[in-house]
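User: Hey, can you walk me through some charged pairs in this one? I'm new to this.
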Amino acid sequence: MTLKRTACVKLAIPDDRRDDLKRTMLTFRRVAQRFADRGWERDEDGYVITSRTRLQSLVYKQVREDTGLHSDLCIGAVNLATDSLRSAVERMKAGKNAGRPTFTAPTVEYNTNAISYFTNGDDQYCTLATYGGRIRAEFVYPPDEDCPQAQYLNSDVWEPKGATLHYDRDDGEYYLHVTVERDEPETELGEAENGTVLGVDLGVENIAVTSTGTFYSGGLFNHRRDEYERIRGSLQQIGTESAHRTIEQMGNRERRWNNDVLHRISKGLVQEAITHDCSTIAFEDLTDIRERMPGAKKFHGWAFRRLYEYVEYKAAEFGIRTKQVDPAYTSQRCSKCGTTLRENRTSQADFCCLKCGYEVHADYNAAKNVATKLLRSGQKSPVGGATNQLALKSGTLNGSGDFSPANAEA
Ligand SMILES: [Zn+2]
């Protein structure tokens, strides 16, 4: 099985090449739009064009002539346009609203022909196809040795593939989101299914709650976030150049602070897993988590993904795996008797089972359900064995519901 991750790193773009890069980015967007527009106009058969090769055969040559954009970037633009057209068609098929895809984000898709990666001692850089010939851009890592980005990119096992270049309008810097891949032997997967699981529930009030009953409050996070938004709002109203500089500095400080807090939480979670001798840490699936979660903002989606990355990376050092499970009903199911009822969740914080009367904090209940989900899925695997269990505050529970108290508490 091939594992894929995304590593983000800031790039140092030489001053005399910034214009070339900017022009490349603007042209890339225009070209992607042209492909998408052509696809949206439909083919002779009356259908939106979702075939890469068809779209390429219709527009590619003309686009290359008009813009002189690097051929591999034109391919990247075709791919981006095709993906967007396909998801628009999927939406239409599902009876949802779908309009012509439009591209507004300042990004460029680089396939492996258009980007190369180099390591020279401590020096890491890439070269990017642009107008005016390739640009050499150094990687700029945050001053944090635990940074998972650095470790993915400076690794013997993870191989960098294509990348998406992003321009951050807030700080005026370029960031590269590199897809890294590694092969994972299948046997390793099977072994990890046998063992103790730490369940983690994510949330707004509590950023993370474990099946062992440890709570990481989101209060300070949310408070700082609101404060920051408030101050930024009033600085934006002032609108002077120095106000903008202040916003930028605050943004950097904010990012560092957030990262730092997430680091500490991730260390705590991994430590929790080690203490309870867990082989796996289970999270709910992070896809669309923000949409599922009442009160979650864009920030939370970012924070959960970042937290997961940190945990995944740190846990791997101790041979502990990190997995995501289907989140369905984890908040409505009673972790004690298994009854699933919407009414069990009496408020954001309270869970009370209508069947067995089990009363418990809703997030703690959910964390246990997340672990149980992974156990149940594990038991279906052919590697099997009934040694799967989930880590609780005072012992372990296996998939069949048998409880063993922790030795330490005997
Ligand atoms: Zn119950």
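User: What does Glu90 form a salt bridge with?
Analyst: Glu90 pairs with Lys93, and their closest N and O atoms are 3.9 Å apart. A salt bridge here is a side-chain nitrogen of Lys or Arg within 4 Å of a carboxyl oxygen of Asp or Glu. This is a predicted model, where local features need pLDDT of at least 70 and side-chain atom pairs count only at pLDDT 80 or more, while totals for chains, interfaces and linings use all residues. Residues are numbered from 1 along each chain as its sequence is written, and side-chain values use heavy atoms, with hydrogens and water left out.
User: Which helix do Glu90 and Lys93 lie in?
Analyst: Both are in H3 (residues 71-93), 3 residues apart, about one turn of the helix. Helices are DSSP runs of H or I, at least four residues, numbered from the N terminus.
User: Is Lys93 buried or exposed?
Analyst: Lys93 counts as exposed because its relative accessibility is 65%, while Glu90, at 49%, is partly exposed. The cut-offs are under 20% relative accessible area for buried, over 50% for exposed and in between for partly exposed (1.4 Å probe, protein chains only).
User: How many salt bridges does the count come to?
Analyst: The count comes to 22. Among them, Arg264 and Asp260 meet at 3.3 Å, N to O, and both lie in helix H7, 4 residues apart.
User: Switching topic, how many residues does H7 have?
Analyst: H7 (residues 241-275) has 35 residues and reaches 51 Å from its first C-alpha to its last. That is close to the expected 51 Å, which is 1.5 Å times one less than its number of residues.

Methods:
Helices (H or I, at least four residues) and strands (E, at least two) are DSSP runs, numbered from the N terminus.
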